[in-house]
Amino acid sequence: MSEILWQILQHVQGYIYPNEVEVNWSVLIALYPYITGLVAGAFIVASLERIFKVEAVKPTYRLALLTALAFLLCAPLPLVAHLGHPERALEIMMTPHLSSAMAGFGFVYAWYLMAVLLIELYFDYRRDIVMWSQEVGGIKGFIYKILTLGDYNISDEAVKADNKIVNIVTVIGLPSAAFLHGYVGFIFGSVKANHWWSSPLMPIIFLFSAMVSGIALVLLIYIASSYIRGVELDRACTDTLANYLLYAYLLDLSLEFMELAHLFYTQEEGIDAIRVLITDKLFWTFIVIQVFLGTLVPIFLLILARTGIFRFNVRKWIYIFVTTLTLIGVFAMRWNVVIGGQLISKTYLGYTTYIMPLFGPESLSLALAIWILPFIILAVLIKLLPPWEHPHEWEKTETE
């Protein structure tokens, strides 16, 4: 018997089935919907400018797209690491199983990556890529020449056609991004045997929490990248993103409150066990981190910042604090759903516990490595495809 399993047995309470002692879906499975949510949320930020014509957030449009791509490339890694056979990962594409909800992720992922995000990025950047390919030398210039795909036409008509394609792809991409993350909530909400998961609101809650985390991530990266570049923040852009974060937060809070209210009103089987789960087993991660620090405090600070009593320099630090709390709070939400749902026994008379190893498979170190990887990819993407408002001029200045 492993040492961790022995430690878990010391903390088991009440009456549980033997196969419920060990929590099978680990921190990696909690990380998986967290990353896909950031992808969906970042793309929604990009769509604000393209579809809804919110001009104030234009400085973050390309940054949001690159953020979505960096995190999308890493989205399957927690699943692949959890399943343990990376050599079989592509079989989901070659041997489709249409009745499997989990297999559906493969098709949605491929569609979103190949038919939405890459196409939108290519046509949005095409003009700049062609110009860089003619001005930049070395390996970077060679990469730009490859990225042109042999099309060097950047006439006004060609650029207008590119913009039309980007607008169409963005319209298609918005529901695709919503489906990409909503389906994760669909999987958990479909597990009827687990009342902590089984809720028709679960896909919608996952979607709105994705919007919250995605907006927070883009805002935080925008503030950090502006500081690193030594340029002033666009006040209208920063404040507008913070306002959208507040709106998404209010909707998300309303939905989560509605789900809990429905759960306790219907008094279905196991409600007493769920009450103990919330107030005892998940007290710190649910009550303290998710609800108080990750939801109520950010909402209060965002409302306070919106009153206009603080100068922008103070609001900037409030936004940094709020977005950090938001990212922690949304991860706590994923944790409470994934891990929390496995702590409660189907007998409703007992609980197991989860002990996360520091190293090895299903460990904290592996989860942290997967979490950091998208930021490294994003840094490379930003270096290769500067997302700033005038990327061509920025690149030219840098090479000089």
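This is a predicted model: local features need pLDDT of at least 70, side-chain atom pairs count only at pLDDT 80 or more; totals for chains, interfaces and linings use all residues.

## A look around the model

Is Asn 336 buried or exposed? With a relative accessible area of 1%, Asn 336 counts as buried, because the cut-off for that is under 20%. Leaving aside residues up to four places away in sequence, Asn 336 touches Trp 196, Leu 282, Thr 285, Phe 286, Gln 290 and Gly 341.

Now hop over to Leu 217, which belongs to helix α9 (residues 202–229). Leu 217 is buried too, with a relative accessible area of 1%. Which residues does Leu 217 touch, not counting those up to four places away in sequence? They are Leu 38, Thr 67, Phe 71, Leu 327 and Phe 375.

| Residue | Helix | Relative accessible area |
|---|---|---|
| Leu 217 | α9 (residues 202–229) | 1% |

Time to zoom out. The protein splits into domain 1, made of 27–190 + 355–393, and domain 2, which runs over 194–352. Their C-alpha centres are 23 Å apart. Domain 1 puts 35 residues into the contact, and domain 2 puts in 32 residues.

So how much area is buried between domain 1 and domain 2? It's about 2800 Å², and carbon and sulfur atoms give 83% of that. On the domain 1 side, Tyr 34, Phe 188 and Trp 388 supply 21% of the area buried against domain 2, more than any other three residues.

What about polar links? Between domain 1 and domain 2 there are zero salt bridges, and one residue pair is in polar contact across the interface, with both residues at pLDDT 80 or more.

As for the pieces involved, α2 (27–50), α3 (61–74), α8 (156–189) and α15 (364–384) each supply at least two residues to the side of domain 1 that touches domain 2. Of these, α2 gives the most, with 14 residues. Sorted by class, that side of domain 1 has 27 nonpolar and eight polar residues, and no charged ones.

Notes:
Residues are numbered from 1 along each chain as its sequence is written. Side-chain values use heavy atoms; hydrogens and water are left out. Domain bounds come from an automatic or database domain assignment. Contact means heavy atoms within 4.5 Å. Buried area is the accessible area (1.4 Å probe) that two parts lose on being put together, summed over both. A salt bridge is a side-chain nitrogen of Lys or Arg within 4 Å of a carboxyl oxygen of Asp or Glu. A polar contact is a pair of N or O atoms within 3.5 Å; within protein, one must be able to donate a hydrogen and the other to accept it, and residues adjacent in sequence count only if both atoms are side-chain atoms. Helices (H or I, at least four residues) and strands (E, at least two) are DSSP runs, numbered from the N terminus. Ala, Val, Leu, Ile, Met, Phe, Trp, Tyr, Cys and Pro count as nonpolar, Asp, Glu, Lys and Arg as charged, and the others, Gly among them, as polar. Buried means under 20% relative accessible area, exposed over 50%, partly exposed in between (1.4 Å probe, protein chains only).
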